[in-house]
Amino acid sequence: MKDKIKKFLDTDLLENYLLGTTTDLETLKVEQYIAMYPEVREAYNELQESLEIFAKLHAIKSPEGLKEKITARIKSERVGRKKFFRFAIAASIVALIFAGSSYFYWDQNQNLQEENSMVSNKIKLLEADMKQQLEDVRNQFIVLNNPSTKKYNVNGNKKAKELKAVAYINPVKKLSYINVSKLPNLPEDQCFQMWAEVNGEMLNLGIIEEAGDSQKLLALPYAENAMGYITIEPKGGNQIPSVDNIVANIAY
């Protein structure tokens, strides 16, 4: 800060200001420095006193009324400077307000765009989900009502004798579903899980939460010579089927 003040005092702006030869911008800068920094204000006062002393020493008798004219001129110029100074401050404030409001509206616009994008994405996901659900309902209707659909009864082995399910396979439409109509009770730390082996790949079809009615179908990936399995797994399901705990299988 001191370097800044020293650099200013090393210029002739104060002298020019006292002589009235500064530009409007220079005048604004000088008045700001005088108002903000005591060192500059002190230098200005000393310079003003020295100028007055010099003027008195070299004074000559002035024409009648000259003093009043000069005083009036000085007052007029100072009023002009003050008006300009106030105008500059007002303009700066307006500019800052405009910049702030512009940033505010820009930021709000960005937020709105982001929110619109999020809403649009959610709508797209919802539409895709609804489309998938409608497609699934349509396929279930076809499987249950198409004469080409083959029906297979599935029973559990000795580990789950009460398990009953019906598989619906339609080779023409290449659709396959299973309805698990009855499940035996399991300990709280175990669950039933559905799998399908398609083209040599084992697919996890998820946990079977409970037995459903005759219309509650679980989609099976269709493929020739595919196999479906129901296993007993730890609560929460497993990443790979527990082969020793297969309780039912369906060839389709």
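Tutor: In this discussion, contact means heavy atoms within 4.5 Å. This is a predicted model, in which local features need pLDDT of at least 70 and side-chain atom pairs count only at pLDDT 80 or more, while totals for chains, interfaces and linings use all residues. Residues are numbered from 1 along each chain as its sequence is written, and side-chain values use heavy atoms, with hydrogens and water left out.

Student: Which residues does Phe192 touch, leaving out those up to four places away in sequence?

Tutor: Phe192 touches Ala160, Leu163, Leu183, Pro184, Leu186, Ile207, Ile208, Ile230, Thr231, Ile232 and Val247.

Student: How many residues are in the largest nonpolar core?

Tutor: That core has 23 residues, and Leu163, Phe192, Ile230 and Tyr252 have the most contacts inside it. A nonpolar core is a set of buried Ala, Val, Leu, Ile, Met, Phe, Trp, Tyr and Cys residues joined through side-chain atoms within 4.5 Å; buried means under 20% relative accessible area (1.4 Å probe, protein chains only).

Student: Which element gives the most to this core?

Tutor: β4 does, with four residues. Strands here are DSSP runs (E, at least two residues), numbered from the N terminus.

Student: Changing topic, in what order do the strands of the open sheet stand?

Tutor: The order is β1-β2-β3-β6, with antiparallel pairing. Two strands pair if DSSP finds at least two bridges between them. The edge strands, each pairing on one side only, are β1 (150–155) and β6 (218–220).

Student: How many bridges join β2 and β3?

Tutor: Seven bridges join them, in the antiparallel sense. Ile169 stands opposite Ser176 in β3.

Definitions and conventions: Buried means under 20% relative accessible area, exposed over 50%, partly exposed in between (1.4 Å probe, protein chains only).
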